[in-house]
Amino acid sequence: MAHHSSINFGGSDPVTQHQKVVSNNYGEKLVGLLHETGSTEIILICHGFRSRKGDKILVNLAVALGNKGMSTFRFDFAGNGESEGLFQYGNYAREVEDLRAVVQHFREANREISAIIGHSKGGNIVLLYASKYRDISTVVNVSGRFYMDKGIEERLGKDFLERIKKDGFIDVKNKAGQFNYRVTEEGLMDRINTNMQEACVAIDKECRVLTVHGSADEIIPVEDALEFAKIIPNHKLHIVEKANHGYTSHQSELASIVSDFVTTGLNQDTRIP
């Protein structure tokens, strides 16, 4: 597909980047960027709410993993970035199926999915995927949300349930008062009814899970990370001191924590000490 570029990391073999398109179950084209090192294993990286594959966190994770010889694929969920489809609030189950389509695409090409990584809402998606399909050995949840009924009022305003039941939708506007996106009642209920406790308990005990969270996260409180740590069977927790939700001043620290965990897992027994 489309453009190719290569980056050389001080003496290592160059990592080539090229665009790749995968169709989901609805025939929508999901557009992603493959960082190819030639490894059989490949790591999939998922973005968060109203984000995209070009998010700084995803790019830096791909570079750090490329430095360790690992191929990665970061892609836009349907309705986001360059991918086809309509943006929908909620949409957790469908995004899990988008990830499933990407997993199957690479498996059909004889690649082994060695890990799935997600930031923010993407962290929820990779955990939900692991809970449903139980076929991935390493999962990294970066700043995902545990309490799914929290954080809604900040975006939708007070009395959001009453208002959405009355009108059927809520239009979210930006600070300048311009239309940003529409939340339907169905989308809102999908978000509220996504049960992370139930999902996390169902994750395979052999699956290694890392949760990373910033102690100064202003979007999703660090307490959510502590809940994941309590209930996921084979879990490691890493709190990054003073980091915010976007890891603005902690990009390299995040990248090394995640890449160390993922690459260690390739050479080790599955149980976390």
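A pocket, on a 1 Å grid over the protein atoms alone, is an open set of points with protein on both sides within 12 Å along at least five of seven lines, while a cavity is a set where a 1.4 Å probe fits but cannot get out. Lining residues have an atom within 4 Å of a point. Grid points are joined across faces, edges and corners, and a volume is the space filled by probe spheres set on the points.

This is a predicted model: local features need pLDDT of at least 70, side-chain atom pairs count only at pLDDT 80 or more, and totals for chains, interfaces and linings use all residues. Residues are numbered from 1 along each chain as its sequence is written, and side-chain values use heavy atoms, with hydrogens and water left out.

**View 1. The largest pocket.** Its volume is about 340 Å³. The pocket is lined by 19 residues, and F49, S120, R155, I219 and H245 are the closest to its centre. The lining holds six nonpolar, seven polar and six charged residues. (Nonpolar: Ala, Val, Leu, Ile, Met, Phe, Trp, Tyr, Cys and Pro; charged: Asp, Glu, Lys and Arg; polar: the others, Gly among them.)

**View 2. The largest cavity.** The whole structure has one cavity of 30 Å³ or more. The largest cavity holds about 40 Å³ of space. Its lining includes H47, G48, F49, R50, F77, N80, F87, E95 and K121. By class, that lining has three nonpolar, three polar and three charged residues.

**View 3. Helix 2 against helix 3.** Helices are DSSP runs (H or I, at least four residues), numbered from the N terminus. Helix 2 (residues 92-108) and helix 3 (residues 121-133) pack at about 70 degrees, their axes 9 Å apart. Axes are lines fitted to C-alpha atoms over the stretch in contact, and angles run from 0 to 180 degrees between N-to-C directions. The two helices are therefore roughly perpendicular (65 to 115 degrees).

Note on methods
Parallel < 35°, antiparallel > 145°, perpendicular 65-115°, else oblique.
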